[in-house]
Amino acid sequence: MKLTARFREIIKSIISYLFILLFVYAASSKLIEFQNFQAQLGQSPLLSAYTGFISHSVLIVELVIALLLAIPRTRSIGLLSSFALMIMFTVYILVILNYSSFVPCSCGGILEKMSWKEHLIFNSAFTLLAAIASLLIATDRTHTLIKLSIIAITASAIIGTLYLYSEDTMHRVNPFIRRFIQGAASKTAEAELNNNSRYFAGTDGSNIYFGDSEAPLYVIAYDTTLKTKRQYKIQLDRENFPFTSVQVRIAPPYFYLMDGTVPVIYKGNKSDWKAKLLMYDNNYYFSQAEIIAADKIAFRAQQQKTLYNILGTFTFKHTLQVQYAPQLLQKQIDGFFDTDGMMRFDNRSQKLIYTYYYRNQYIVADNNGNLIHRGNTIDTTTKAKLKVAHIKETGQRKIASLPTTVNQLTAVSNNLLFVNSMLIGRYEPKEMWKQAAIIDVYNIKKNTYLSSIYIYDINKTKLKEMFVVDNNLYAIIGHRVHKYQLSKKHFKN
């Protein structure tokens, strides 16, 4: 049965007004909560690299199409444009659901309460309405069908291209846009540490060990579920040293007690917690140390002549062997403050990782101190922002003004680097920085950024230390340790 011209006009008008209502409402909602809209786009696996351009463009396009639909003479163009935009929205959701590595939050406005599948049904329905309206007003329906087909193919190709290039941009040339994936980390347990001076000493696979900076000979151990607690006391075969900065490290079946200000290193077995003096040599002061093997320790020290920081290794065989790696740390300002950072060793991959505090770089080396590659964190601070003052009377160097800390805490596990960043990214809600610590995760094998997670403050106390074992992140916040399970799907090595 043929529809009368009057009836076709009514259907066309109803569909046009529905689109006007949809686009005006959607644009208004985005405009009112523009910062939130940009933040949500920044989480999109397809659009995050182009958030700035797209956030403004979508608003303009929706309002322009609404205007075209409101004017009778341009209504046909408006309906074709509506069809094109709805095709893009629909294909976008199809890619998100079927090809994306993760599913981000919704886009707000009228669709905020819908699931992604409900979004798909909603968009598909409006796409069909646009096609029906375009065909109703067409004088040549065959020609219009060809137009609609070309528009559908072109719109789909645009979304596909954005997806491919956005993924490459986010992983290789990240414009400081973070991705926060729902369900990437979930808290599963917590336990009491009794004081604020605890730090992670290591693991033997079954237990997590904690040292105590105020009681350096005491070690506590929790099983990996944080339910069973044990306490141990280290016995030293010689104690008459002026200890000031004792650190305990667990490397099964051994443990090590070290103080680079003496400098001294002890080694013992966890079976009896008795430690014997392994090294005492005033020629080799050090500020950081990480266990590489039973007879090998990586360290950071100061060069005697230049006073620059330098990395190296102690090897304990028949005699002490010291090997420096002067090529690893790179001076920018003074060679000391500007090269400050945190050193970690990944037992799984046998890699040494050093992350600078004041610039967006980390170093990956092998267990002999040979450079593998240099990687960058996703922020844009390539040069340390600090001023160094030289005191003539004492010959000392001091930081003259508060520096900008880029990377604060780090942890490594099985080729994954976890960095507690101190810089806010683009399109991020500032309110979250008052509530949580931001942890950026990198694949050091592929030299890529993966995603970020929130570790929420507890009683207004922020993250103090973190330690990662397999797919579990342990965080010390205040006087408690918290366990978070990491999604294996989202954090692949």
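Is the crossing of α4 and α5 left-handed or right-handed? In this predicted model, α4 and α5 cross in the left-handed sense.

**Helix pairs**

Two packed helices are described by the angle between their axes and the distance between the axes. The table lists these values for two pairs.

| Helix pair | Residues | Angle | Axis distance |
|---|---|---|---|
| α1 and α3 | 5-32 and 51-70 | about 155° | 9 Å |
| α4 and α5 | 75-98 and 116-136 | roughly 155° | within 8 Å |

Angles over 145 degrees count as roughly antiparallel. At about 155°, α1 and α3 are therefore roughly antiparallel to each other. The crossing of α1 and α3 is left-handed. On the α1 side, the contact is made by Ser16, Phe19, Ile20, Phe23, Val24, Ala26, Ala27, Lys30 and Leu31. These residues meet Val58, Leu59, Glu62, Leu63, Ile65, Ala66, Leu69 and Ala70 of α3. Sorted by class, the contact of α1 with α3 holds 14 nonpolar residues, one polar residue and two charged residues.

The second pair is α4 with α5, whose axes cross at roughly 155°. α4 and α5 are therefore roughly antiparallel to each other. In the contact of α4 with α5, 17 residues are nonpolar, seven are polar and one is charged.

**The sheet containing β1**

Four strands form an open sheet in the order β1-β27-β26-β25, and their pairing is antiparallel. Which strands stand at the edges of this sheet? They are β1 (185-192) and β25 (463-469). Each has a single partner strand, so one side of each is left without a neighbour in the sheet. On average, neighbouring strands here are turned by 25° against each other, direction ignored.

β1 is joined to β27 (residues 480-486) by seven bridges, and the two strands run antiparallel. Within this pairing, Ala189 has Lys483 of β27 as its bridge partner.

**The sheet containing β21**

How many bridges join β21 to β22? There are six, and β22 (residues 416-421) runs antiparallel to β21. Val412 stands opposite Leu417, a residue of β22.

Methods:
Residues numbered from 1 in each chain as written. Predicted model: local features only at pLDDT ≥ 70, side-chain atom pairs only at ≥ 80, totals over all residues. Heavy atoms only, no water. Axes fitted to C-alpha atoms, helices over the stretch in contact; angles between N-to-C directions. Parallel < 35°, antiparallel > 145°, perpendicular 65-115°, else oblique. Left-handed = near helix turned anticlockwise from the far one by under 90°. Contact = heavy atoms within 4.5 Å. Nonpolar A, V, L, I, M, F, W, Y, C, P; charged D, E, K, R; others polar. Pairing = 2+ DSSP bridges.
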